[in-house]
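I opened this model to look up its salt bridges and its nonpolar core. My notes follow.

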Amino acid sequence: MAKQARAGELRTLVYFRRVIRGTDEEGYPKTEDEEPVFGRDGGGQDIPVHCKWINAHGTEAFTAMQMQLREPATLTMRYSPKIDSTLLVYRREDPQPYEIISVDNVEDRGKWLEIKVQRKGAAR
C-alpha cells in the first residue's frame, strides 16, 4: 500500500477520539465517553485530520474476509505522536466508528503514519 502521499491525496477528513471510561463509587464501570484527540475549534467542533483513505480491494479484500475483518481500510497521514492503537476513528460525517488495528511510523522517520482500521463491531 501507499507508504506516503502527496498533499493533494490527503482529501479525506477523519476525527480521532479517545474513549474515557468512568466508574461509580464502588468501582463498577458506569460511563463511557469519547473526547477528541486533537481538541475542538472555537465553534466546539472536533478538529479533523486530513488523510488518504484506501478501502481494501483485490487480494487484500480476500485476506480480510479470511481474517474476519469488517470493512478494512488503510489510512496514510502525516505523523503525530498522539495517534495510538487505542483510539477510535470517525470518517467525515459517518456516525459509526472504525477501530485501529495497527499503526506504522513509516521507516521510523516521524514523517508519515500508515494506519490499518476496521469497522467497530459489537462483542461476540
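**Salt bridges**

I counted 10 salt bridges, taking a side-chain nitrogen of Lys or Arg within 4 Å of a carboxyl oxygen of Asp or Glu. The model is predicted: local features need pLDDT of at least 70, side-chain atom pairs count only at pLDDT 80 or more, and totals for chains, interfaces and linings use all residues. Residues are numbered from 1 along each chain as its sequence is written, and side-chain values use heavy atoms, with hydrogens and water left out.

I looked up Glu34 and Arg17 and found a salt bridge of 3.5 Å, N to O. Glu34 sits in strand β2 (residues 29-36) and Arg17 in strand β1, so the pair ties together parts 17 residues apart in sequence. Strands (E, at least two residues) and helices (H or I, at least four) are DSSP runs, numbered from the N terminus. Arg17 is buried at 15% relative accessibility; Glu34 is partly exposed at 31%. Buried means under 20% relative accessible area, exposed over 50%, partly exposed in between (1.4 Å probe, protein chains only).

Asp46 and Arg40 also pair, at 3.4 Å, N to O. A network of salt bridges links Arg17, Glu34, Arg40 and Asp46.

**Nonpolar core**

I turned to the largest nonpolar core, which has 17 residues. Such a core is a set of buried Ala, Val, Leu, Ile, Met, Phe, Trp, Tyr and Cys residues joined through side-chain atoms within 4.5 Å. Phe16, Trp53, Val89, Ile115 and Val117 touch the most other members.
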